[in-house]
Amino acid sequence: MTAQTLKEFLEESGQPVALRVLIEAVSDSCRSISALVARGALADVLGAAGTGNVQGEEQKTLDVLCNDEMMTMAKACGVVAGAASEEEEHPALLTAGAPYLLLFDPLDGSSNIDVNVSIGTIFSVLPRQGGPDGDGDASFLRPGRDQVAAGYAIYGPQTMLVLTLGAGVAGFTLDPPTGQWLLTSPAMRIPATTGEFAINMSNMRHWADPVRGYVEACLAGATGERGKDFNMRWIACMVADVHRVLSRGGVFLYPWDKREPSKPGKLRLMYEGNPMSFLVEQAGGRAIDGTQNILDIQPSALHQRVSVMLGCSEEVDLLETAHR
Ligand code: F6P
């Protein structure tokens with residue numbers, strides 16, 4: 001297949017050289033992670049690492065290896081002043097004076113690793129502002145609207161890199177024999193309507209009324225108030241669930257619930273909610289926490305959580321109305 005390479009796409013994008021260098025470096029790391037993931041037990045990378053991360057979650061061996069890969073890359077590429085990871089409490093100070101801050105979840109959907117189901121890497125790029133080094137949590141605490149690039153790699157039946165530089169969403173497929181990322185989905189768009197939703201239904205008893213009401217209306221199907229049947233999917237990996245939404249539409253929810261009432265939800269704003277919301281908006285969809293656009297949230301902590309409802313605009317509008 002003759003298709004544009006990621007390098008060619010970046011050259012044509014008109015973006016600053018430093019940003020192109022960073023995206024290529026991220027893509028190199030994702031290629032390495034993909035190779036590790038594909039070998040699984042053969043590379044002795046499955047199972048628990050025996051450590052916990054800053055969120056108090058058990059780390060898998062791959063979580064640790066992928067975090068090391070991403071941090072090493074961020075340092076080596078020379079254009080990242082500071083990098084923040086889901087796996088580390090504070091950002092790492094990397095190249096003083098460099099133009100960008102990088103945030104990432106090195107391996108999303110960790111519970112899928114050992115059962116050979118899709119997992120991914122999520123990244124978000126902010127321009128450095130203020131101090132020369134981008135050190136300390138404070139320099140990272142900016143709304144998602146400030147992102148200049150965001151994306152993810154999905155390690156599934158194919159490995160793909162899905163990217164926005166603020167002018168639409170493009171998907172590249174990794175060609176393993178050549179190691180090239182080839183443009184296979186030049187303009188990913190989320191249809192305005194859908195008949196598919198994604199939520200972990202086992203939490204239903206904990207949901208707030210607006211979410212419960214919305215899902216009950218979907219479940220009521222053609223004879224209910226929505227007047228149509230809905231299908232449900234849940235891969236338990238945000239990357240894979242959002243990839244489906246970007247590929248064929250749908251709505252994805254991980255809302256606030258009563259299990260931890262003082263926290264806004266399970267997913268993290270800075271390296272899960274923000275990059276995915278940027279992609280979804282760039283693909284014509286919407287992303288809210290219930291009442292406001294996720295990209296407009298002013299963060300107060302690096303690892304803060306967020307309630308997430310994203311995808312087809314018609315469904316997100318309904319959820320927003322229900323919350324109001
Ligand atoms: O970030 C954590 C994560 O693995 C997401 O990728 C995924 O959407 C969610 O957790 C799944 O959570 P649960 O196991 O509660 O369904």
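This is a predicted model: local features need pLDDT of at least 70, side-chain atom pairs count only at pLDDT 80 or more; totals for chains, interfaces and linings use all residues.
Figure 1. Phenylalanine 252 pairs with tryptophan 234, and the two rings are stacked, 5.5 Å centre to centre with 10 degrees between the planes. The pair links distant parts of the chain: phenylalanine 252 sits in strand β13 (residues 251-254), while tryptophan 234 belongs to the loop between β12 (231-232) and α5 (238-248), 18 residues apart. Is tryptophan 234 buried or partly exposed? With a relative accessible area of 24%, tryptophan 234 is partly exposed. Look for Tyr254 as well: ring pairs join Trp234, Phe252 and Tyr254 into a cluster.

Figure 2. Across the model, the count comes to 4 aromatic pairs. In the one shown here, the rings of phenylalanine 9 and phenylalanine 172 have their centres 5.1 Å apart and their planes at 75 degrees, so the pair is edge-to-face. Phenylalanine 9 is part of helix α1 (residues 6-12) and phenylalanine 172 is part of strand β9 (residues 169-175), so the pair ties together parts that are 163 residues apart in sequence. Phenylalanine 172 is buried, and its relative accessible area is 0%. Threonine 5, in the segment before α1, also touches Phe172.

**Figure 3. Helices α5 and α6 side by side.** How do you describe a pair like this? Two packed helices are described by the angle between their axes and the distance between the axes. For α5 and helix α6 (residues 269-282), the angle is about 10 degrees and the axes are 11 Å apart. The two helices are therefore roughly parallel to each other. From α5, the contact uses Met238, Val239, Val242 and Leu246; from α6, it uses Glu272, Met276, Leu279 and Val280. Sorted by class, this contact has 7 nonpolar, no polar and 1 charged residues.

Figure 4. The buried set is Met238, Val239, Ala240, Asp241, Val242, His243, Arg244, Val245 and Leu246. Just after α5 comes glycine 249, with a positive phi of about 100 degrees.

**Figure 5. Helices α4 and α7 crossing.** Helix α4 (residues 209-220) packs on helix α7 (residues 313-323) at an angle of about 135 degrees, with the axes 8 Å apart. That makes α4 oblique to α7. The crossing of α4 past α7 is right-handed. Which residues of α4 and α7 make the contact? From α4 they are Pro210, Val211 and Tyr214, and from α7 they are Glu315, Leu318, Leu319, Ala322 and His323. These residues divide into 6 nonpolar, 1 polar and 1 charged.

**Figure 6. Phenylalanine 123 and its neighbours.** Find phenylalanine 123 in strand β6 (residues 119-127). Phenylalanine 123 is buried, with a relative accessible area of 0%. Setting aside neighbours within four places in sequence, the contacts of phenylalanine 123 are Ile23, Val26, Leu102, Leu103, Phe104, Ala150, Gly151, Tyr152, Leu161, Leu163 and Pro275. For a sense of scale, isoleucine 297 is 174 residues from phenylalanine 123 in sequence and 18 Å from it in space, C-alpha to C-alpha.

**Figure 7. Two loop residues with positive phi.** Most residues other than glycine have a negative phi. Asparagine 116, which is not a glycine, has a positive phi of about 60 degrees. Asparagine 116 is in the loop between β5 (100-108) and β6, and at 74% relative accessibility this residue counts as exposed. Alanine 236 likewise has a positive phi, near 65 degrees. Its place is the loop between β12 and α5, where alanine 236 counts as partly exposed at 37% relative accessibility.

Note on methods:
Residues are numbered from 1 along each chain as its sequence is written. Side-chain values use heavy atoms; hydrogens and water are left out. Axes are lines fitted to C-alpha atoms, for helices over the stretch in contact, and angles run from 0 to 180 degrees between N-to-C directions. Helices (H or I, at least four residues) and strands (E, at least two) are DSSP runs, numbered from the N terminus. Angles under 35 degrees count as roughly parallel, over 145 as roughly antiparallel, 65 to 115 as roughly perpendicular and the rest as oblique. A crossing is left-handed if the near helix is turned anticlockwise from the far one by less than a right angle, and right-handed if clockwise. Contact means heavy atoms within 4.5 Å. Ala, Val, Leu, Ile, Met, Phe, Trp, Tyr, Cys and Pro count as nonpolar, Asp, Glu, Lys and Arg as charged, and the others, Gly among them, as polar. Rings of Phe, Tyr and Trp (its six-membered ring) pair if their centres lie within 6.5 Å; planes under 30 degrees apart count as stacked, over 60 as edge-to-face and the rest as tilted. Buried means under 20% relative accessible area, exposed over 50%, partly exposed in between (1.4 Å probe, protein chains only).
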